[in-house]
Amino acid sequence: MPFSEPGKTKFQVDLRRHLRNQGICDNLVHLICEIAEASKYVINAVRTGDLGVAGTSNLYGEEQLALDVLSDRIIKKRLIHSGVVCNIASEEMDEIFQAQADADGLYSVAYDPLDGSSLVDVNLAVGTIVSIYEGCNLLQKGRNQVAAMYILYGPRVSMVYSVGKGVHEFTMNHLMEYTLSRENITMQDEGNIYAPGGLRNKYQQGTEQFVRYLEEKGAKLRYSGGFVPDINQVIMKGKGIFMYPALNGSPNGKLRLLFELNAMAFLVENAGGAATDGRQPILDLEPHSLDQRAPVYIGCKADVVKAMEFVSRN
Ligand SMILES: O=P(O)(O)OC[C@H]1O[C@](O)(COP(=O)(O)O)[C@@H](O)[C@@H]1O
Ligand SMILES: [Mg+2]
Ligand SMILES: [Mg+2]
């Protein structure tokens, strides 16, 4: 068989080639490819790095693990050196970092470098979540994202992205290249899987009733405790709902609007699903601070509508 360069055969589409066909500007192609490159170092850190604590805490007062700090450094450095980024914010940083001053053609990036990091010691799947905006403003609605992506470090490494023209999955091959595995992923209107985050004994009345409704209709509980694998399941199977609701004592739930929710809501909406905080679409929430949290109900459209019906009773 003749030798074929990886990504060049009729059967393999590499990430850069796919991005070039999306009709987006070269800087954005470059930026997404740089983040994909950075993820190769993050997966290496996850596989072999120190599982201990870093001795520091983040903006939310949570203890940072050495892996949180290392993953953050890997991605931040790559973004700075990309030459196409002005502002950077992450779940592990206390404030916005300006890589370069505002100029035409630059992007800003909000990310969670290693979501679910406390699951690494028990060898469960974790991931990186990224939102990209044009210009330097990071405190804007998720609806303004020009691209969103996540990388899932599971038994396989996969990357799911959208620039607003469909949702596409790439899988890392044995050469550590991302090659296209599923294009234009779409979700069903309704599903039979549910992934409920948060302590159930803290659920408000309407949320508890919604879970009972799901159980009675025979929906399957599929919850790993990692937002990236849990959402990936809903998107890839095209069915189901994930929620991290408002809880008694935590009316905004746990998940972070800028670093976790906006990217996932953008991807799910682009796959034909929906994401709400119980009242309005996640993508329409106005961010006021970097550390803003929101409750979330995200997945198949009809399931999300049903969730809203129930949680309006809270
Ligand atoms: O187990 P908890 O505290 O209810 O939280 C689970 C949620 O928190 C997360 O771990 C996010 O927090 P981290 O980014 O700090 O890991 C999500 O992956 C998951 O959906
Ligand atoms: Mg997180
Ligand atoms: Mg994190």
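Predicted model: local features only at pLDDT ≥ 70, side-chain atom pairs only at ≥ 80, totals over all residues.

Reader: What does Ile298 touch, leaving out residues up to four places away in sequence?

Author: With those set aside, Ile298 touches Ile241, Phe242, Met264, Ala265, Val268, Ala275 and Val304.

Reader: Back to the domains, then: what separates their centres, and how many residues does each give to the contact?

Author: Taken over C-alpha atoms, the centres of domain 1 and domain 2 are 22 Å apart, and the contact takes 35 residues from domain 1 and 28 residues from domain 2. On the side of domain 1 that touches domain 2, strand E6 (126-134) is among the strands that each supply at least two residues, and E6 gives the most, with five residues. The residues of that side divide into 19 nonpolar, 11 polar and five charged.

Reader: New topic: which residues come nearest to ligand 1?

Author: There are 14 residues around ligand 1, and Asp115, Gly116, Gly197, Gly226 and Phe227 come nearest. The shell includes two nonpolar, seven polar and five charged residues, and it draws at least three residues from each of domain 1 (15-182) and domain 2 (193-311).

Reader: Where does UniProt place the "binding site" feature?

Author: The UniProt record, an unreviewed entry, places the feature at Glu91, Asp112 and Leu114. These residues span 24 residues in sequence, but no two of their C-alpha atoms are more than 9.0 Å apart, so they gather at one spot.

Reader: Is Glu91 buried or exposed, and where is it found?

Author: Glu91 is buried, because 25 other C-beta atoms lie within 10 Å, and Glu91 is found in the loop between strand E3 (85-90) and strand E4 (97-98). Apart from neighbours within four places in sequence, Glu91 is in contact with Asn58, Asp112, Arg256 and Phe259.

Reader: And what about Leu114, buried or exposed?

Author: Leu114, which is found in strand E5 (residues 107-115), counts as buried, because it has 31 C-beta neighbours inside 10 Å.

Terms used:
Residues numbered from 1 in each chain as written. Chains lettered and ligands numbered in written order. Near = placed C-beta within 6 Å. Nonpolar A, V, L, I, M, F, W, Y, C, P; charged D, E, K, R; others polar. Domains from an automatic or database assignment. UniProt positions renumbered as here; feature names shortened; annotations may be inferred. Helix = DSSP H or I, 4+ residues; strand = E, 2+ residues; numbered from the N terminus. Buried ≥ 20, exposed ≤ 12 C-beta atoms within 10 Å, placed from the backbone. Contact = placed C-beta atoms within 7 Å.
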